[in-house]
Amino acid sequence: MHNIWNPQLDQHSQVFVQRFGALNAAQINWKPTPDQWSIAQNIQHLIIINESYYPVLESLHQNRYRVPFWGKIGFLTSWLGKAILSSVQPDRRRKMKTFTIWQPSDSNLPADIVQQFVQHHEQLKKNIAAALPFVEKGAVIASPANRNIVYKLADAFDIITIHEQRHLQQASEILPLIPSVA
């Protein structure tokens, strides 16, 4: 199976470094309003979400993963996968609140969060490559945030990559607003 996700992750790493890699800690943690996320929080949120899939992937490899009952209903897994993919599109017409387990820290994050993101991508790419046999078999998983939300593993990787584009767009909108950068 051809891995379509890793080249996308490489591209995301490059763009995040180009846009945000030179920002200092104050700049990358600057928030337009108290209830909006900083660039650093957007990046940390992506790392948290992506890594929340690691235990699922590990249990697939160890043949310990048990698909929830809902995951055995093919049309439901297809519908949920498409619905979630649609909801994380970069256009952000609808504001979404994230699950609590995926909330970024409220504290200031280190300026090297962009480099941490790039390093995170290296591990994520390895995990995706190792999971390709499960993708080929049409493996179904539950969302790490809610076991009642089920979709194919391939949809999970699509959701991860599209979701990163959404937060790239969100973080990019903050960049010209940062007082010392604008």
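This is a predicted model: local features need pLDDT of at least 70, side-chain atom pairs count only at pLDDT 80 or more; totals for chains, interfaces and linings use all residues.
Me: Why is Ser59 called buried?

Reply: The word buried applies under 20% relative accessible area. Ser59 has 8%, which is under that cut-off, so Ser59 counts as buried.

Me: Where in the chain is Ser59, and what does Ser59 touch beyond residues up to four places away in sequence?

Reply: Ser59 lies in helix 4, which covers residues 54–61. Leaving out residues up to four places away in sequence, Ser59 touches Arg64 and Tyr65. A contact requires heavy atoms within 4.5 Å.

Me: How much of the whole chain counts as buried?

Reply: Of its 182 residues, 48% count as buried.

Me: How do you know what radius of gyration to set the chain against?

Reply: The globule rule is 2.2 Å times the number of residues to the power 0.38. For 182 residues, a compact globule would have a radius near 16 Å; the chain has 17 Å, therefore the two agree. The C-alpha atoms fill a box of roughly 50 × 30 × 25 Å along the principal axes.

Me: What makes up the chain in helices and strands, and in which order do they run?

Reply: There are 7 helices and 2 strands. From the N terminus on, the order is α-α-α-α-α-α-β-β-α.

Me: What share of contacts between residues at least 6 apart in sequence joins residues at least 24 apart?

Reply: The share is 81%.

Conventions. Residues are numbered from 1 along each chain as its sequence is written. Side-chain values use heavy atoms; hydrogens and water are left out. Buried means under 20% relative accessible area, exposed over 50%, partly exposed in between (1.4 Å probe, protein chains only).
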